[in-house]
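Q: I'm new to reading structures like this one. Could you walk me through it, one feature at a time?

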Amino acid sequence: MKKNIFLFIIALSFVSCTSTYKYDFNNPSNETLEKNKEIAVSVSADGSYGSDIYNGSGRTLSNTIRQQLKKYSSNVVVLKNNETLNDFTDEEIKNYDYIVISEILHWEDRATAWSGIPDKIEVSIEIYDSKRNLLKSAILSGKSASMTLGSTDPSELLEEPLSTFFKSVFEE
């Protein structure tokens with residue numbers, strides 16, 4: 001009996017202890033982007049779920065994007081006030097080779113460790129050139145494992161899909 005319980009726990013750990021991700025890439029241009037260019041990253045509005053607003057989640061997304069982009073350029077800045085492409089003046093936009101606009105579409109922080117309900121995210125990423133042409137875009141989503149031993153945060157779901165997206169943009 002103890003052996004069966006142990007085997008059940010081991011099997012359950014393999015089934016429900018990994019996060020899952022979905023990718024929807026839209027690449028109007030099939031060319032990869034050039035490395036070591038000037039890149040500006042917008043700050044998304046904070047994410048929400050129902051009436052809960054997750055303060056700082058927009059800045060967290062932007063900083064995670066910056067971390068991932070540092071693999072491809074040493075000239076990456078996170079802007080303070082620009083959320084959308086329309087927030088850039090023509091003069092501002094000329095300072096950058098690429099502008100990354102992000103938006104949190106879904107940000108759900110659950111008490112996964114005790115509820116079994118996974119955290120979920122969905123973000124939109126768009127990359128424009130200095131002439132406001134859309135070069136690359138994606139909708140990235142992630143869902144945490146439904147069974148964890150510790151506390152999780154939706155921000156932990158950002159790194160893997162962003163890494164995959166930017167790899168496809170700059171390397172493939």
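A: Let's start in the loop between β1 (20-26) and β2, where Asn 36 lies. Helices (H or I, at least four residues) and strands (E, at least two) are DSSP runs, numbered from the N terminus. Everything here is read from a predicted model, where local features need pLDDT of at least 70 and side-chain atom pairs count only at pLDDT 80 or more, while totals for chains, interfaces and linings use all residues. Residues are numbered from 1 along each chain as its sequence is written, and side-chain values use heavy atoms, leaving out hydrogens and water.

Q: What is the phi of Asn 36, and is Asn 36 buried or exposed?

A: Phi of Asn 36 is near 60 degrees, which is a positive value in a residue that is not glycine. For accessibility, buried means under 20% relative accessible area, exposed over 50%, and partly exposed in between (1.4 Å probe, protein chains only). Asn 36 counts as exposed because its relative accessibility is 55%.

Q: Where does Arg 132 lie?

A: Arg 132 lies in the loop between β7 and β8. These strands form a hairpin with four residues between them, and there Arg 132 takes a positive phi near 70 degrees. Arg 132 counts as partly exposed because its relative accessibility is 28%.

Q: In which sense do β7 and β8 pair, and over how many bridges?

A: Two strands pair if DSSP finds at least two bridges between them. Here β7 and β8 pair in the antiparallel sense, over nine bridges. β8 is mostly covered, with seven of its 10 residues buried.

Q: Why does Ser 124 count as buried?

A: Ser 124 has a relative accessibility of 12%, so it counts as buried. Its place is in strand β7. Contact means heavy atoms within 4.5 Å. Leaving out residues up to four places away in sequence, Ser 124 touches Ile 101, Ser 102, Glu 103, Leu 105, Ala 138 and Ile 139.

Q: How many residues does the largest nonpolar core have?

A: A nonpolar core is a set of buried Ala, Val, Leu, Ile, Met, Phe, Trp, Tyr and Cys residues joined through side-chain atoms within 4.5 Å. The largest one has 27 residues, and Ile 65, Leu 69, Ile 125 and Phe 166 have the most contacts inside it. Two or more residues of this core come from each of β2 (39-41), α2 (57-69), β6 (98-108), β7 (120-129), β8 (134-143) and α5. Among these, α5 gives the most, with five residues.

To see one member in its setting, pick Ile 65. Beyond residues up to four places away in sequence, Ile 65 touches Val 41, Val 100, Ser 102, Ile 125, Leu 162 and Phe 166.

Q: What are the length and reach of helix α5?

A: The expected span of a helix is 1.5 Å times one less than its number of residues. Helix α5 (residues 159-170) has 12 residues, and from its first C-alpha to its last it reaches 16 Å, close to the 16 Å expected. Its buried residues include Leu 162, Phe 165, Phe 166 and Phe 170.

Q: With which residues is Asp 87 in contact?

A: Asp 87 is found in the loop between β5 (76-78) and α3 (90-93). Setting aside its neighbours within four places in sequence, Asp 87 is in contact with Asn 81, Asn 82 and Glu 92. Asp 87 counts as partly exposed because its relative accessibility is 38%. The C-alpha atoms of Asp 87 and Ser 42 are separated by 9.5 Å, with the two residues 45 apart along the chain.

Q: How many helices and strands are there in the protein?

A: There are five helices and eight strands. From the N terminus on, they run α-β-β-β-β-α-β-α-β-α-β-β-α. Of the 172 residues, 38% count as buried.

Q: Where is confidence lowest, and where is it highest?

A: The predictor's confidence in each residue is its pLDDT, from 0 to 100. The protein averages 81, and 78% of the residues score at least 70. Confidence is lowest in helix α1 (residues 2-16), at a mean of 48, and highest in β2, at 96. Over residues 6-16 the pLDDT is below 50, and this stretch has four contacts in the model beyond near neighbours in sequence.
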